[in-house]
Amino acid sequence: MTPDSATSRIEDFASCHDCGLAVELEGGAHHGATHCPRCRAVVHRRKPDSLNRTWALVITAALLYVPANIFPVMKVISLGKAQEDTILSGAIYLLVHGMWPLALIVFFASVVVPLLKLIALTFLLISVQRSSSWRPVERTKLYHIVEAVGRWSMTDIYVVTILVALVSLGNLATIEAGLGAVYFAGVVVMTMIAAESFDPRLIWDRARETHG
Amino acid sequence: MFKLSAVTSADGELAIPPGWLTLCHACDLPSRVGAVPVGGTAFCPRCGSVLYKRIRDSLDRTLALALGGLFLFIASNAFPFLALKMQGNVTHTTLSTGVRALYEQGTPIVASLVLLTTIVAPFLQISSLIFVLAPLRLGVRVPGQARMFRLLRRVQPWSMMEVFIMGILVSLVKLLGMAQIVPGIALWSFVLLIPTLAAATSSLDAEWVWRRVGLKP
């Protein structure tokens, strides 16, 4: 099974997604799945159904993004009065109170990152579908960035969790998680799985086809 | 198949024999990784992604950091995390208090996500590292090592402790002036756990480990 043997061609090899071993696919590159001899994971030449899955998840996340920003992420009930905070009003609160570096981080993590992730993934999907050969190195880098920054969107979910834990147990005020937090959690999970389902190797497949 | 024979380099470490075939995980370009010096990195010649990184004393360092991480993880969960003082009332919380409160308020989805990303995933990350590396260090094989090492790769993206710290920072600012927040022992061990696990992750030589725990055909 070394690539040097007479029957093996380099095109028949695929990288195991779990352990990175170069595995020779049974029946050549366009045949079905093979199990990795080193870690037993199923090896595909490309992630299965990558474009459709990523599209479905990106669209779901985009739909969830709307209620995530409209509905309040938390409700502060203090002395009978209730005050509701959305993602955006939470960032504005910090800004008004002079905490602009933190406001900037919250705004970036909760508003900009999910939006940029959706735009970047949509751009990558369309460019792959149009068999674009435009700057594959930069597009691969863009994918790596999308993969790396997505987690920071969880900041607001954690803020709600911590405030709920600290304040709901006291008797003067209560903080409750709002519906927006549920949708926002959905956005984070969907965009993370979307980034995971996209196969960056598709960028190079199409770029290679057009360049010959 | 690749020979699993050990090659001892000039620096006395067990090196991976040069010339092995690998496909770039990002662009699929096949490359043969040459002799990588200790501390050196092999990059994909086409897209620049990292193909292989050789780390000095990878096994010892990663295992030591993972064991330290386990200790800090236990401390992070066993001791009080944050306390809130408001008009004479003191509320103590642990790491899991927020999860429980969210669950009781009727948002189990959010509660599960927080539980997964701050407690379950970090624990699986630390325990799978120890489960795979400790037997390697002792020179024994334990059934399930390959499976646990696969699990490690899967859970890593869901371990988000550093983001949780950012959440704490924002929460503290929001409560400023309203109440006094007292950090507990667990918070400090949690803060230390983050660089410890990050260092464990970056000192791990996965290819080296796979060649030793992988199934032999």
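The contact between the two chains draws 50 residues from chain B and 50 residues from chain A. This is a predicted model, and every value below is computed from it. On the chain B side, the residues that touch chain A comprise 30 nonpolar, 15 polar and 5 charged. Chain A, taken by itself, holds 7 helices and 7 strands, and 44% of its 212 residues count as buried.

**The side of chain B that touches chain A**

- At least two residues each come from strand S3 (20-23), S7, S8, helix H2 (97-104), helix H3 (108-138), helix H4 (145-155), helix H5 (161-175) and helix H7 (206-213) of chain B, so far as the side touching chain A is concerned.
- Among these elements H5(B) gives the most to that side, namely 10 residues.

**Make-up of chain A**

- When contacts in chain A between residues at least 6 apart in sequence are considered, 61% of them join residues that are at least 24 apart.

**The S6-S5-S7 sheet of chain A**

- Three strands of chain A form an open sheet with antiparallel pairing, and their order is S6-S5-S7.
- Strand S6 (81-85) and strand S7 (173-177) of chain A are the edge strands, and because each has a single partner strand, one side of each is left without a neighbour in the sheet.
- From one strand to the next in this sheet, the twist averages 20 degrees.
- Strand S5 (residues 74-78) of chain A is joined to S6(A) by 5 bridges, the two strands running antiparallel; within S6(A), A:Lys81 is the bridge partner of A:Ser78.

**The S8-S7-S9 sheet of chain B**

- Chain B has an open sheet of 3 strands, paired antiparallel in the order S8-S7-S9.
- The edges of this sheet are strand S8 (89-93) and strand S9 (180-183) of chain B, each with a single partner strand, so that one side of each is left without a neighbour in the sheet.
- On average, and with direction ignored, neighbouring strands of this sheet are turned by 20 degrees against each other.
- Strand S7 (residues 82-86) of chain B is joined to S9(B) by 4 bridges in an antiparallel arrangement, and B:Leu84 stands opposite B:Ile181 in S9(B).
- The antiparallel pairing of S7(B) with S8(B) extends over 5 bridges, and B:Leu82 has B:Thr93 in S8(B) as its bridge partner.
- The hairpin of S7(B) and S8(B) has 2 residues between the strands, and in this hairpin B:Gln87 takes a positive phi near 45 degrees.

**Two helices of chain A**

- Helix H1 (residues 50-70) of chain A has 21 residues, and the distance from its first C-alpha to its last is 31 Å, which is close to the 30 Å expected at 1.5 Å a residue.
- The buried residues of H1(A) are A:Thr54, A:Leu57, A:Val58, A:Ala61, A:Leu64, A:Tyr65 and A:Ala68.
- An α-helix has 3.6 residues a turn, and therefore residues three or four places apart point the same way.
- The elements covering the buried residues of H1(A) include helix H2 (87-96), helix H3 (100-129) and helix H6 (179-197) of chain A.
- Helix H5 (residues 155-167) of chain A has 13 residues and should therefore span 18 Å at 1.5 Å a residue, which agrees with the 18 Å between its end C-alpha atoms.
- H5(A) is also mostly covered, since 13 of its 13 residues are buried.

Conventions: Residues are numbered from 1 along each chain as its sequence is written. Chains are lettered from A and ligands numbered from 1 in the order in which they are written. This is a predicted model: local features need pLDDT of at least 70, side-chain atom pairs count only at pLDDT 80 or more; totals for chains, interfaces and linings use all residues. Two strands pair if DSSP finds at least two bridges between them. Axes are lines fitted to C-alpha atoms, for helices over the stretch in contact, and angles run from 0 to 180 degrees between N-to-C directions. Two residues are in contact if their C-beta atoms, placed from the backbone, lie within 7 Å. Ala, Val, Leu, Ile, Met, Phe, Trp, Tyr, Cys and Pro count as nonpolar, Asp, Glu, Lys and Arg as charged, and the others, Gly among them, as polar. The expected span of a helix is 1.5 Å times one less than its number of residues. A residue is buried if 20 or more other C-beta atoms lie within 10 Å of its own, exposed if 12 or fewer, and partly exposed in between; C-beta atoms are placed from the backbone.
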